[in-house]
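Please have a look at the model first, then read the points in order.

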Amino acid sequence: MMIQIALLFITATTVMIPIADNGLVKAQEINDLTKTEEKQIKKVVTKNMSKGKIPGLSITIVKDDKTVYQKGFGYSDLDEVKPVTSQSLFELASNSKAFTALAILNLVESGQIELNDHVTTYIPWLKVKYQGKEIPITIGQTLHQTTGIPASTINLIPVSNEDHALEETVRTLIGIELDSEPGKVFQYATINYDVLGLIIEQVTGETYESYMKETILKPMELNNTHLFRDEEINNQMTDGYKIGFLKPQRYEAPIYRGNKPAGYIISNGEDMAKWLKIQLGTMNEVDFDEKIIKKTHKADRAVDVVGNEVFYAGGWFLEPNEQITHDGMNPNYSTYVTFNNEEKTGVAVLGNLSSNQVQNIGIEINEIVKGNVVSSDIEDSNQYIDKVAFGIILVLSTLTLGVLILIVRILIKIYRKQLYVKPTGIKSTLKLTLSLLIMLGLSYFIYLIPSLFLEGYSWEIIFVWSPISVQVAFYSMYIIVWLIYMFSILKVHFKKEKAW
């Protein structure tokens with residue numbers, strides 16, 4: 001649709017949006033940057049939004065205790081041409097983890113748990129194995145992503161919006177074989193933070209959502225950060241998109257309530273400004289212990305992520321030069337948050353499409369804030385996959401059309417009695433049966449490809465996280481394989497002369 005061309009333009013006006021019980025409040029845009037910085041940011045955003053085909057973005061920049069830049073770009077809804085503002089809501093994806101980590105360390109500070117406690121102290125049934133033997137994992141290892149739980153366990157997270165979804169999610173880990181000995185190797189497994197979420201419930205006797213709202217969000221005055229999608233926030237919620245057939249497509253992702261502690265908290269640019277200042281320690285009016293915040297920035301330096309330079313803390317990656325960062329990607333949203341406690345600067349980018357370009361934008365804007373000009377060019381894997389899948393679909397569609405024409409021609413000849421079935425004996429029947437079994441085996445092998453070659457993932461989870469075109473390409477492959485088989489059967493078992 002032509003409307004999608006509009007995502008290249010920047011929303012230049014403030015917008016009126018409804019909020020509960022308060023009539024209309026003007027979405028606040030802020031720009032206290034220099035003209036040079038503003039021009040550079042506009043160039044970075046325009047370039048990468050176009051490159052990534054991102055419908056909408058919210059960008060926030062803070063310095064010390066001030067929000068120096070807060071602006072929406074593009075659209076929260078392409079069909080309704082609804083602009084993104086600083087009040088537009090996005091899923092935070094893996095930037096939700098820092099909130100959960102903060103809750104865990106708050107429980108540590110209050111003496112309710114210890115990081116060295118075994119997870120089974122609070123979830124007795126969660127037994128895991130390493131090299132076939134039962135082995136304990138600790139809360140600290142879960143926090144720092146060193147449990148050894150495989151990354152592919154994202155494949156196990158059930159689609160559910162039920163109250164027991166969190167426990168249901170964690171129960172998928174019972175008896176699982178760890179990839180490495182706990183505490184020895186970093187392996188990013190999103191479900192680690194769902195385990196932490198369930199520990200919060202077990203210790204407090206509250207639901208994860210209730211504890212987070214009352215103990216974490218309210219004291220921090222993060223009033224635009226939400227734990228549920230409901231009618232209260234529908235007017236401000238952006239539509240989520242993912243790439244498909246070379247353009248953004250609206251996508252209603254499955255509901256993974258059990259994965260909320262790791263990836264499904266919702267927020268906006270205004271609260272991201274507060275969140276960044278809270279991390280920097282420059283928002284003094286917040287009623288929350290600053291030293292607990294700082295503890296989320298302390299990594300397990302015994303286990304590195306990348307070459308003794310990058311480490312994992314409480315929902316944050318610690319990078320060189322004290323830069324603290326996390327990116328996030330859900331099936332239809334992407335986020336990037338970064339800040340530096342020494343320089344007292346922070347950047348947050350929220351996008352309503354699953355794309356690495358959101359991370360590129362955040363990295364480049366952060367460099368502009370630092371006074372550098374550095375181009376980030378992280379490859380957008382989803383766009384590449386989409387192009388490959390689209391190409392496969394075009395080829396398979398052509399083959400399918402050709403084979404269908406051949407099949408139709410044979411069927412017409414059969415109808416006109418120009419072709420007759422060959423006599424079938426035991427040998428012919430066995431050959432037909434064997435060929436059918438081979439085809440069924442081939443079909444099953446195609447189904448097993450992800451689990452055999454992609455670390456245990458399934459097609460179902462791949463369809464959720466990959467471009468829409470991948471699913472179409474998958475079924476197109478099945479269709480052409482069976483059509484060719486059907487054509488070969490017709491060709492072999494029918495001939496021109498009668499068999500008698």
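1. Helices here are DSSP runs of H or I with at least four residues, strands are runs of E with at least two, and both are numbered from the N terminus. Please keep in mind that this is a predicted model, where local features need pLDDT of at least 70, side-chain atom pairs count only at pLDDT 80 or more, and totals for chains, interfaces and linings use all residues. Residues are numbered from 1 along each chain as its sequence is written, and side-chain values use heavy atoms, with hydrogens and water left out.

2. Helix α1 itself covers residues 35-52.

3. Which residues of α1 are buried? They are Glu37, Ile41, Val44, Val45, Asn48, Met49 and Gly52, where buried means under 20% relative accessible area, exposed over 50% and partly exposed in between (1.4 Å probe, protein chains only). Seen down the axis of α1, these buried residues fall within an arc of 115 degrees (taken from the directions from the helix axis to the C-beta atoms), so they line one face of the helix.

4. On the other side of α1, you will find Lys35, Thr36, Lys39 and Lys43 exposed.

5. Further along, Ser488 sits in helix α14 (residues 468-493). Ser488 counts as partly exposed because its relative accessibility is 30%.

Conventions:
The expected span of a helix is 1.5 Å times one less than its number of residues.
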